[in-house]
Amino acid sequence: MIIRRAKQGDLHAFSALVRNYKIYVYKTAFGILQNTLDAEDVTQETFLKVYQSLRSLRNDETFPTWIARIAVRKAFDLAKQNRRIQTFDPQIEQSRFIAHDAIPDSRLEMEYALQRLSPEHRAVLVLRELQGWDYEQIAKVLEIPIG
């Protein structure tokens, strides 16, 4: 298994973990922070923390929850610092994607609505709607009661 090999110091296995989870971590961070640069920073910081702490992971099957918890904490920390307070502008965000594909208006409206929530509330929605997690998993990652 790739996680076991990465825990043993196999850099190729760790690189594979990064490839497999980087979009997952980025989407989680972006959903919370609503800022591409901050989400990229959190993604890098998350994988640095994973690299430093991977050997302490007891159960390989909990890796997705474990990495999500790290990403969410890093995103919350950055949000609290208010390093980059940036208002979400749907037209600016849409212009970033014109070279690829246009973002549907409904997606822009959803991102605008998410930006108006606190990072903690965004995290719940991002993990539920974007990542497809159930409420028990979300409660574990956020370390909050299900209710």
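Contact, as I use the word in this notebook, means heavy atoms within 4.5 Å. I am working from a predicted model, in which local features need pLDDT of at least 70 and side-chain atom pairs count only at pLDDT 80 or more, while totals for chains, interfaces and linings use all residues. Residues are numbered from 1 along each chain as its sequence is written, and side-chain values use heavy atoms, with hydrogens and water left out.

**Entry 1: L142**

I looked up L142 and found it in helix α8, where helices (H or I, at least four residues) are DSSP runs numbered from the N terminus. L142 counts as buried because its relative accessibility is 15%; buried means under 20% relative accessible area, exposed over 50%, and partly exposed in between, with a 1.4 Å probe and protein chains only. Which residues does L142 touch, leaving aside its neighbours within four places in sequence? I noted V72, F76, A123, V124 and L127. L127 is 15 residues from L142 in sequence, and their C-alpha atoms are 9.9 Å apart in space.

**Entry 2: α4 and α8**

Next I looked up how helix α8 (residues 135-142) packs with α4, and I noted an angle of about 55° and axes 8 Å apart. The axes are lines fitted to C-alpha atoms, for helices over the stretch in contact, and angles run from 0 to 180 degrees between N-to-C directions. The two helices, α4 and α8, are therefore oblique to each other, given that angles under 35 degrees count as roughly parallel, over 145 as roughly antiparallel, 65 to 115 as roughly perpendicular and the rest as oblique. On the α4 side I listed T65, A68, R69, V72 and F76, which meet K140, V141 and L142 in α8.

**Entry 3: aromatic rings**

I then turned to the rings and found six aromatic pairs in the structure. Rings of Phe, Tyr and Trp (its six-membered ring) pair if their centres lie within 6.5 Å, and planes under 30 degrees apart count as stacked, over 60 as edge-to-face and the rest as tilted. F14 and Y51 form one of these pairs, edge-to-face, with 5.1 Å centre to centre and 70° between the planes. This pair links distant parts of the chain, since F14 is in helix α2 (residues 11-33) and Y51 in helix α3 (residues 36-53), 37 residues apart. Is F14 buried or exposed? F14 is buried, at a relative accessible area of 12%, whereas Y51 counts as partly exposed at 49%.
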